[in-house]
Amino acid sequence: MSHSATAPVQYRTPARQARTRRYLMCRPTYFEVSYRINPWMDPAKPVDRDLAVAQWERLREVYLGLGHQVDLIEPLPGTPDMVYAANGATVIDGKVLGARFRNQERAAEGPAYQEWFRAHGYTDVLDPRHVNEGEGDFLVTGAWILAGTGFRTSPQGHAEAQEFFGRPVIGLELVDPRYYHLDTALAVLDDNEVMYNPAAFSPGSRAVLERLFPTAVLASAADAEVFGLNAVSDGRNVVLPQAAVGLADQLRRHGFEPIGVDLFELLKGGGSVKCCTLDVRDQR
Ligand SMILES: CN(C)C(=N)NCCC[C@H](N)C(=O)O
């Protein structure tokens, strides 16, 4: 059985515990596709900004309906990709590692997100020396930081994150340009559980993932192509693109509660649910 974002959440799985989250989001006020820095972006294709805003609003409502806190950062004119808030920083235990973007088109977003955190009382904010695209490439499990490289975040950025957070960073090599950020190829479901698309990783990184997560949910090519792995989990509820029906079924079988949302307008920029959502992990 599948249900859309408009249906009430009604299938409770007592075995899975949701943890209330704090998310940072950025309304797509200036969203457009005026340049191409990933294969999904085509400046010749029209974008309906009002529809993008409506789809984004729906995502925000889903989070609020699940009891999560959603904070907003003011979008900057001239930064059409700023809606992809996951790229703005990585926050663990209240420590904020700022982002440094690979592409000049997004460079202004890094300082804007750092400024937001400073203005909201965060004192441990690092302006990074090396390229890292925030939670686009850093995904946090209970024990590790899984870190993508190959297209955006650099291996030096991984080392900088390990030094700053004092947590082991597991580097993973991405090999398919369509899946240029780790969060297009893998999602963390719980402290020890992930789902991923094996084809997006180098053979060595695939072997690492098999070793660390032998019972992981594996995505089909079809589910990966609709960005099904660009998902946000609170430990029980997994918000993911509605079109990823195979993944939703698998998640249900694993005791999670999939909640499909439609963000196809934002997919034109190369992002979906997770990209629009920065997990602000305050001091636990
Ligand atoms: C899921 N992904 C990839 C993200 N975390 N962010 C989306 C960034 C999209 C932007 N046009 C870019 O290419 O940087």
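**View 1. Lining of the second largest cavity.** Seven nonpolar residues, two polar residues and one charged residue make up the lining of the second largest cavity. The model shown here, as in every view below, is predicted. The space inside the second largest cavity amounts to about 30 Å³. One part of its lining is formed by Arg27, Pro28, Thr29, Tyr30 and Phe31, and the other residues of the lining are Pro75, Thr79, Pro80, Met82 and Val83.

**View 2. The largest cavity.** Two cavities of 30 Å³ or more are counted in the model. The largest cavity has a volume of about 70 Å³, and 13 residues line this cavity. Tyr84, Asn87, Arg106, Tyr180 and Gly269 are the lining residues closest to its centre. By class, the lining of the largest cavity comprises four nonpolar, six polar and three charged residues. The largest cavity is also where the ligand sits.

**View 3. Residues around the ligand.** The ligand, which sits in the largest cavity, is surrounded by 17 residues. Asn38, Arg106, Arg152, Gly269 and Cys275 are the closest of these. Arg106 and Gly269 are also among the residues closest to the centre of the largest cavity. The shell around the ligand contains eight polar, five nonpolar and four charged residues.

View 4. The side chain of Asn38 has an N or O atom 2.7 Å from an oxygen atom of the ligand. A nitrogen atom of the ligand lies 2.9 Å from an N or O atom in the side chain of Asp81.

**View 5. The largest pocket.** The volume of the largest pocket is about 440 Å³. Its lining consists of 29 residues, and those nearest its centre are Arg21, Val140, Val188, Asp279 and Arg281. Strands S6 (138–140), S9 (186–190) and S12 (232–233) are the elements that each give two or more residues to the lining of the largest pocket. Strand S9 supplies the largest share, with five residues. Of the residues in the lining of the largest pocket, 13 are charged, eleven are nonpolar and five are polar.

Conventions:
Residues numbered from 1 in each chain as written. Predicted model: local features only at pLDDT ≥ 70, side-chain atom pairs only at ≥ 80, totals over all residues. Heavy atoms only, no water. 1 Å grid on protein atoms, 1.4 Å probe; cavity = no way out; pocket = protein on both sides within 12 Å on 5 of 7 lines; lining within 4 Å. Points joined across faces, edges and corners; volume = space filled by probe spheres on them. Helix = DSSP H or I, 4+ residues; strand = E, 2+ residues; numbered from the N terminus. Nonpolar A, V, L, I, M, F, W, Y, C, P; charged D, E, K, R; others polar. Near = heavy atom within 4 Å. Polar contact = N/O pair within 3.5 Å; in protein donor to acceptor, adjacent residues only side chain to side chain. Sits in = over half its atoms within 2 Å of the grid points.
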